Amino acid sequence: MYSSLTKIAFLAVFLFVSFLGYGQKKKKEKAPTESSVEAPVTTPAENMELQPKPATETAQSKSPAIVFAQNTYNFGKATQGEVVKYTFKFTNTGKSDLILSNVQASCGCTTPSWSRDPIKPGNSGEIQVAFNTAGKMGPQKKAVTITANTEPAVTMIYIEGEVTAQAVPNNN
């Protein structure tokens, strides 16, 4: 009456449904009796303790925070061989001293420099970035990774633009 394929399909569905229901059988629950139900008895003072308490100041809110005036500088177009320089300005908007432990460029053609002195809350600092376009052509985007005692510990800034070929002198 049924083909073997149909029997296999029914068997597969049966096993699948059985597998899904495995271990999920409901136990018969007894109706609670008066002796088995115990209502918790609390005093007004205990009720207040059960209420959520306002969060205390977290470590993140006490840590320094680095905020840049702009995190990407677009130099537009530069001729191959030029060194493009830009100074990224930032402010410590946190509640403790900001310490830049490392500032590293994504390649050797980009050189960052910065002050190793701690920056007090509310004060500003700078990171100077120089991008040497020698050997580069076309659109460029270089990343600078800043590691500091902030939350999160890593912040990125970028210098980007287009490098064009040097003009070839016309010797006619």
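Reply: In this predicted model, F131 is buried, its relative accessible area being 0%. Its position in the chain is strand β6, which covers residues 124–132. The ring of F131 pairs with that of F75; the two centres are 5.8 Å apart and the planes meet at 40°, so the pair is tilted. This pair joins distant parts of the chain, since F75 belongs to strand β2 and 56 residues separate it from F131. F75 also counts as buried, because its relative accessibility is 12% and the limit for that class is under 20%.

Counted by the rule for ring centres within 6.5 Å, there are five aromatic pairs. One of them is formed by Y73 and Y86, a stacked pair with 3.9 Å from centre to centre and 5° between the planes. Here too distant parts of the chain are linked: Y73 lies in strand β2 (residues 72–79) and Y86 in strand β3 (residues 83–92), 13 residues apart. Y86 has a relative accessibility of 21% and therefore counts as partly exposed.

Y73 and Y86 also belong to a cluster, in which ring pairs link them with F68, F88 and F90.

R116 is placed over the face of W114, 3.7 Å from the ring centre. K141 lies over the face of Y158, at 4.7 Å from the centre of that ring.

Methods. Residues are numbered from 1 along each chain as its sequence is written. This is a predicted model: local features need pLDDT of at least 70, side-chain atom pairs count only at pLDDT 80 or more; totals for chains, interfaces and linings use all residues. Side-chain values use heavy atoms; hydrogens and water are left out. Rings of Phe, Tyr and Trp (its six-membered ring) pair if their centres lie within 6.5 Å; planes under 30 degrees apart count as stacked, over 60 as edge-to-face and the rest as tilted. Helices (H or I, at least four residues) and strands (E, at least two) are DSSP runs, numbered from the N terminus. Buried means under 20% relative accessible area, exposed over 50%, partly exposed in between (1.4 Å probe, protein chains only). A charge sits over a ring if NZ of Lys or CZ of Arg is within 6 Å of the ring centre and within 35 degrees of the ring normal.
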